[in-house]
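I would ask you to keep the sequence and the structure in view while I speak.

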Amino acid sequence: MSPSLWAVLMLSDLSMLEKFVIEAEKSPYLMKFCEHACTAIPLVWKQKEPIPRQGSQSTSSKSSGANRKEALADKARERDGKRCVIRKLIEAVQVAHIYPWCLISERRTNVNRTFPPFWEMLRYFWSPEKIDVWHQHIFTNPDRPSTSYDSISNMICLSADLHQSWTNGRFALRPLEYNADKTELKFQLFHQPAPRHSLDDRIPLCTTPGSSRGLSAVCADNQEVYFHILIENNGQLEKVHSGQEFLIKTLDPVGLPLPSKELLEMAWILARVVNMSGAGGEEDIEGFSSESGYDIGMTAESSDHSEWDNDTTRITSAGPSPIKTRDTATETTNASEQPTLTNEI
């Protein structure tokens, strides 16, 4: 079957998988339909959608939306101290959306005519209770239940290269729990092993997903490292290992709320779909656009950059910064010093 359907089935809720099997046995055509339709799930989550027709949106609408988005992003920066929540550095930080901006924006495209609506596809594979929880955290206005709304709870500050790598499924973030007054949220980072297939391949249904256990880097088949994350700890550079915990804090849980745990749980699942399907390695498709440019970038010197100024599609470095990585010989890779991995992808 297609890797996209395989990935979705591997990560679907068991109750929904049982229903899907029953329906697929009744109608083999359902499998073929879902094979094609499921390809949309990782591509949309990776923020790829058809480019809108020129002039399909007014200049005033763009300006209004951009102004509101910049105001929300300023609050997200304030909450996160203008620092990457993983590296804790201020260099090349961007405000990344958890739930993709391309699904929030009101840009008119033919995206809903080319494959089933995104949320309808999710309902095939995840329980109504889970979908409803995710849904209510992005469709927040009871008077307009079909309209999605952005908020700082849907934003998180990441270094530009980590932002792009998260979008491409190089790693996944698993939220843990808030503290009692919701001023702190812990999350774990899991490296995702590189799949041996592409989005257009065919793979056996019984293919075993790669394990993230003990990973400190993502390697190609020849064991060449092409992605890892370095963080500074007491003047030393250390590799981030799968399962390592991080903490996001806020001084104002009402005015500057933490990222939504529910949306992070949604992203935790769908970032793995992106990786396991092979969509993370997809180059830009003709007629499609990478939506990474919609997320707002900033540098240590200024936060007044346009949301269109930061193109991270060619970023390959995953180090803290050129200054911080001058001497990589000092990095510490002793796995025994890392937190014990208790949850495996």
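**A loop, a sheet and a group of helices**

Let me begin with S153, which is placed in the loop between α8 and β3. Please bear in mind throughout that this is a predicted model. Is S153 buried or exposed? With a relative accessible area of 19%, S153 is buried, because the limit for that class is under 20%. Leaving aside residues up to four places away in sequence, S153 touches I98, P257, L258, P259, S260 and L263.

The loop between α8 (128-136) and β3 (155-159) also holds S146. Here the relative accessible area is 65%, so S146 counts as exposed. From S146 to H135 the C-alpha distance is 9.9 Å, and the two residues are eleven apart in sequence.

The protein has ten helices and twelve strands. Of its 345 residues, 49% count as buried. The accessible surface comes to about 17000 Å², and carbon and sulfur atoms account for 50% of that surface. How much of the contact in the protein comes from residues 24 or more positions apart? Among contacts with a separation of 6 or more, such residues account for 79%.

I turn next to a sheet. It is an open sheet of three strands, in the order β4-β5-β10, and the pairing is antiparallel. Which strands stand at the edges? These are β4 (171-178) and β10 (244-249); each has a single partner strand, so one side of each has no neighbour in the sheet. From one strand to the next, the twist averages 30°. Helix α10, residues 261-277, packs on this sheet and touches β4 and β5. The direction of α10 makes about 155° with that of β4.

In the present case, β4 and β5 (residues 184-191) are joined in the antiparallel sense over six bridges. A172 stands opposite F190 of β5, and Y178 has L185 of β5 as its bridge partner.

The hairpin formed by β4 and β5 has five residues between the strands. K182 is found in the loop between β4 and β5, and its phi is near 55°, a positive value in a residue other than glycine. At 47% relative accessibility, K182 is classed as partly exposed.

A92 has a positive phi of about 50°, although it is not a glycine. A92 lies in the loop between α5 (59-79) and β2 (93-97). Its relative accessible area of 38% makes A92 partly exposed.

The UniProt record, an unreviewed entry, carries the annotation "signal peptide" for residues 1-19. In the model, this span is 79% helix and 0% strand, and its end C-alpha atoms lie 19 Å apart.

How do helices α2 and α3 pack? Helix α2 (residues 14-26) meets helix α3 (residues 28-38) at an angle of about 120°, and their axes are 4 Å apart. On the side of α2, the contact is made by F20, E23, A24 and K26; on the side of α3, by P28, L30, M31 and C34. By class, these contact residues comprise six nonpolar, no polar and two charged.

Which residues of α3 are buried? They are L30, C34, E35, A37 and C38. The buried residues of α3 pack against α1 (3-11), α2, α4 (40-45) and α7 (118-122).

The loop between α8 and β3 holds the buried S153 and the exposed S146. The three-stranded open sheet runs in the order β4-β5-β10, with α10 packed on it. Finally, α2 and α3 pack at about 120°, and the buried residues of α3 also face α1, α4 and α7 in their packing.

Key
Residues are numbered from 1 along each chain as its sequence is written. This is a predicted model: local features need pLDDT of at least 70, side-chain atom pairs count only at pLDDT 80 or more; totals for chains, interfaces and linings use all residues. Side-chain values use heavy atoms; hydrogens and water are left out. Two strands pair if DSSP finds at least two bridges between them. Helices (H or I, at least four residues) and strands (E, at least two) are DSSP runs, numbered from the N terminus. Axes are lines fitted to C-alpha atoms, for helices over the stretch in contact, and angles run from 0 to 180 degrees between N-to-C directions. Contact means heavy atoms within 4.5 Å. Ala, Val, Leu, Ile, Met, Phe, Trp, Tyr, Cys and Pro count as nonpolar, Asp, Glu, Lys and Arg as charged, and the others, Gly among them, as polar. UniProt positions are given in the numbering used here, feature names are shortened, and annotations may be inferred rather than shown by experiment. Buried means under 20% relative accessible area, exposed over 50%, partly exposed in between (1.4 Å probe, protein chains only). Accessible areas come from the Shrake-Rupley method with a 1.4 Å probe; for residues, only the protein chains shown count as cover.
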